[in-house]
Amino acid sequence: MVKKSSKKLHPVLRNIEHYCIKHGHQLTKQRKSVLKIIANSKHPVGAYQIIEALSKKTGVPPKPPTIYRAIDFLTKHGFIHRIESLNAFIVFQDGEQHEGAQFLICDGCGSVIETQAHHMPRSAQAHIQEIGFKPKHWSVEIHGMCIICSESEAS
């Protein structure tokens, strides 16, 4: 894991600091540590990977409930996504909060790309409206192969 200076923080790290100040939330050391691990990872990170990384950093394993509380806070306030099919987390890649997301998940290398299409497809919107359901949050996960893995598999 590469440490970054505060001037080169991932956009989500800056955003959460501003958000917490504006809304009167505490940005605890644990929340910030969990967010840094997720933000600095090239792949989605599971809770036990976070615990392992913090254990290596501090020499003392944190208690899982404290990590899950930090994850819950970060998810609830829109700073990380849960990739359901992987049971792992990534930061909002554009640093912005939004109600929905679409993820392209490479089954070869494990990379996840958050698409910039943050709007629900019209056909889904129409059906949801037709049945009277009111979505609060949504995500679509599409598994496949990234271009690099596809090309290496073809050769």
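Predicted model: local features only at pLDDT ≥ 70, side-chain atom pairs only at ≥ 80, totals over all residues.
User: What is the overall layout of the chain?

Analyst: Along the sequence the pattern reads α-α-α-α-β-β-β-β-α-β-α. That comes to six helices and five strands. Of the 155 residues, 37% count as buried. The chain exposes about 10,200 Å², and carbon and sulfur atoms supply 55% of it.

User: What share of the contacts with a separation of 6 or more comes from residues 24 or more positions apart?

Analyst: Such residues account for 50% of those contacts in the chain.

User: Why is Phe79 called buried?

Analyst: Its relative accessible area is 2%. Buried means under 20%. Phe79 is therefore buried.

User: Where is Phe79 found, and how far is it from Val91?

Analyst: Phe79 is in the loop between H4 and E1. In sequence, Phe79 and Val91 are 12 residues apart. In space, their C-alpha atoms are 5.9 Å apart.

User: Which residues of helix H2 are buried, and what covers them?

Analyst: H2 spans residues 29-39. Its buried residues are Ser33, Val34, Leu35, Ile37, Ile38 and Ala39. The cover includes helices H1 (11-23), H3 (47-58) and H4 (64-76). Strands E1 (80-83) and E2 (88-91) also belong to the cover.

User: How is the packing of two helices described?

Analyst: By the angle between their axes and the distance between the axes.

User: What makes H1 roughly antiparallel to H2?

Analyst: H1 and H2 pack at an angle of about 155°, with their axes 10 Å apart. Angles over 145 degrees count as roughly antiparallel. H1 is therefore roughly antiparallel to H2. The crossing of this pair is right-handed.

User: Which residues make the contact of H1 and H2?

Analyst: H1 brings Val12, Leu13, Ile16 and Glu17. H2 brings Lys32, Leu35, Lys36 and Ala39. By class, the contact has five nonpolar, no polar and three charged residues. Leu35 and Ala39 of H2 are also among its buried residues.

User: Why is H2 called roughly perpendicular to H3?

Analyst: The axes of H2 and H3 come within 10 Å and cross at roughly 110°. The range for roughly perpendicular is 65 to 115 degrees. The angle lies in that range, so H2 is roughly perpendicular to H3. H2 passes H3 in a right-handed crossing.

User: Which residues of H2 and H3 make that contact, and how do they divide by class?

Analyst: On H2, they are Gln30, Ser33, Val34, Ile37 and Ile38. On H3, they are Ile50, Ala53, Leu54 and Lys57. They divide into six nonpolar, two polar and one charged. Ser33, Val34, Ile37 and Ile38 of H2 are among its buried residues too.

User: How do H3 and H4 cross?

Analyst: Their axes come within 10 Å and cross at roughly 115°. H3 passes H4 in a right-handed crossing.

User: What makes up the contact of H3 with H4, by residue and by class?

Analyst: H3 supplies Ala47, Tyr48, Ile50, Ile51 and Leu54. H4 supplies Pro64, Ile67, Tyr68 and Ile71. By class, the contact has nine nonpolar, no polar and no charged residues. How do you get that count? Ala, Leu, Ile, Tyr and Pro are among the types that count as nonpolar.

Terms used:
Residues numbered from 1 in each chain as written. Heavy atoms only, no water. Buried < 20%, exposed > 50% of the residue type's maximum accessible area, 1.4 Å probe, protein only. Helix = DSSP H or I, 4+ residues; strand = E, 2+ residues; numbered from the N terminus. Contact = heavy atoms within 4.5 Å. Areas by Shrake-Rupley, 256 points an atom, 1.4 Å probe, with all protein chains shown as cover. Axes fitted to C-alpha atoms, helices over the stretch in contact; angles between N-to-C directions. Parallel < 35°, antiparallel > 145°, perpendicular 65-115°, else oblique. Left-handed = near helix turned anticlockwise from the far one by under 90°.
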